[in-house]
Amino acid sequence: MNIQGVNHFCFSVSDLDRSIAFYRDVLGAQLLVQGRKLAYFDLAGLWIALNQEDAERGDTPSTYTHIAFTVKDQDFEAWLSRLQSYGVRILEGRQRDERDKLSVYFLDPDGHRFELHTGTLADRLAYYRETKGHMKFYDKEDVGK
């Protein structure tokens, strides 16, 4: 019995119409259904659900928790320009080594943190193996030991 993959992401939003515009227009997600307080999208094969509800919110992220989407190196600057043209709040990123690839963090209208990143897990692990001597790496057969 194993997890088969990601089923969907659901985000609590304060204004459904505003959030629909963000996910559709900024991220390029395809709107599939809209109800009075919910909407479903397809974003590169991911099911994104929005649920409008009253909740405490702020636009200052309090944690590093985020969802990162992969973009191509050659598209990174165009994505950055797109975010800026829509007035998306772009967060100050951390200093990155070029081996850690390109990345930008930003917020949706309700303060959910997202990242556009050009690297892969293999890229990240190779970079860390090369530069982070204090880290312990595990092979698949080591898991659980």
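The structure is a predicted model, in which local features need pLDDT of at least 70, side-chain atom pairs count only at pLDDT 80 or more, and totals for chains, interfaces and linings use all residues. Residues are numbered from 1 along each chain as its sequence is written, and side-chain values use heavy atoms, with hydrogens and water left out.

Let me begin with the ring pairs. Rings of Phe, Tyr and Trp (its six-membered ring) pair if their centres lie within 6.5 Å; planes under 30 degrees apart are stacked, those over 60 are edge-to-face, and the rest are tilted. By this rule there are 10 aromatic pairs. One of them joins Y23 and F41, which are tilted at 35° with centres 6.0 Å apart. Y23 belongs to helix α1 (residues 16-26) and F41 to strand β3 (residues 38-43), 18 residues apart. Helices (H or I, at least four residues) and strands (E, at least two) are DSSP runs, numbered from the N terminus.

Why is the pair of F69 and F114 stacked? The planes of F69 and F114 stand at 20° and their centres are 5.8 Å apart, so the pair is stacked. F69 lies in strand β5 (residues 67-70) and F114 in strand β8 (residues 113-117), 45 residues apart.

Next, burial: buried means under 20% relative accessible area, exposed over 50%, and partly exposed in between, with a 1.4 Å probe and protein chains only. F69 is buried at 13%, and F114 is buried at 0%. Y23 and F41 are buried too.

Finally, F11, F22, Y23, F41, F69, F106 and F114 form one aromatic cluster. Within α1, the buried residues include F22 and Y23.
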